[in-house]
Amino acid sequence: MNKNKLIALIAIVQIMFFVIWYFLENHKLNNPKSQEILVKTYPIDPRDYLSGNYFILNYQISNINNFDENKKIDKTKKTEIFAILKKDKTLYIPDYISLEKPLIRDDQVAIIGTYNPNNFRIEYGIEKYFINENTKEPDREKNIEVLLIIGEDYSARIKAVLVDGVEFRN
């Protein structure tokens, strides 16, 4: 195989990877079996310039002490857990924690996360939100909520950030 054919093959494989990845992520965001929930957030730092233009988010659901029954967790080691949230008016708030896949009611949702003993927090993979370089970050004094998509696999993805009820646009 000559050099040009090899380069073309590598390029095609890379393009295919990103196309497949895009469609898988798009399916997760638009899956009819996924659930949309709204959670309260408190911005920690307007931007994290070390890892790019990301708005760092701190959720009420990230603090393990906000959950009932958190004594069951070994707080000295990293542990995969299910955080069960309950609906309170329009927002979802912490309810309890389970080490096993829980049975949930209609007014509840479960999110899979990892308890981190270094900072005593639950990490869901939704702690950063990308902001374009020339976009002004939301005012931290305003009411900031995040619309999440919870998939069939209990993983969470950010669908939108709302500032005083209006979608934040990059």
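Tutor: Eight of the eight residues of S4 are buried, so the strand is largely enclosed by the rest of the structure. Keep in mind that this is a predicted model.

Student: What makes a residue of S4 count as buried?

Tutor: Buried means a relative accessible area under 20%. Eight of the eight residues in S4 are buried, so we call the strand largely enclosed.

Student: Why is S4 called an edge strand, then?

Tutor: The open sheet has four strands in the order S4-S3-S5-S6, paired antiparallel. S4 (91-98) and S6 (121-123) each have a single partner strand, so one side of each has no neighbour in the sheet. From one strand to the next, the twist averages 50°.

Student: How do you know that S3 and S4 pair?

Tutor: The cut-off is at least two bridges between the strands. S3 (residues 79-88) and S4 have seven bridges, in the antiparallel sense, so they count as paired. Take Phe82, whose bridge partner in S4 is Ser98, and Asp88, whose partner there is Leu91.

Student: What sits between S3 and S4 in the hairpin?

Tutor: Two residues lie between the strands, and Lys89 takes a positive phi near 60° in this hairpin.

Student: Over to the rings. How many aromatic pairs does the structure hold?

Tutor: Four. One of them joins Phe17 and Phe18, edge-to-face, at 5.1 Å centre to centre with 75° between the planes.

Student: Why is the pair of Phe18 and Trp21 called edge-to-face?

Tutor: Ring centres have to lie within 6.5 Å to pair, and planes over 60 degrees apart count as edge-to-face. Phe18 and Trp21 both lie in helix H1 (residues 3-30), three residues apart, about one turn of the helix. Together, Phe17, Phe18 and Trp21 form one aromatic cluster.

Student: What makes Phe18 and Trp21 partly exposed?

Tutor: Exposed needs over 50% relative accessible area and buried needs under 20%, with partly exposed in between. Phe18 has 49% and Trp21 has 47%, so both are partly exposed.

Conventions: Residues are numbered from 1 along each chain as its sequence is written. This is a predicted model: local features need pLDDT of at least 70, side-chain atom pairs count only at pLDDT 80 or more; totals for chains, interfaces and linings use all residues. Side-chain values use heavy atoms; hydrogens and water are left out. Rings of Phe, Tyr and Trp (its six-membered ring) pair if their centres lie within 6.5 Å; planes under 30 degrees apart count as stacked, over 60 as edge-to-face and the rest as tilted. Buried means under 20% relative accessible area, exposed over 50%, partly exposed in between (1.4 Å probe, protein chains only). Axes are lines fitted to C-alpha atoms, for helices over the stretch in contact, and angles run from 0 to 180 degrees between N-to-C directions.
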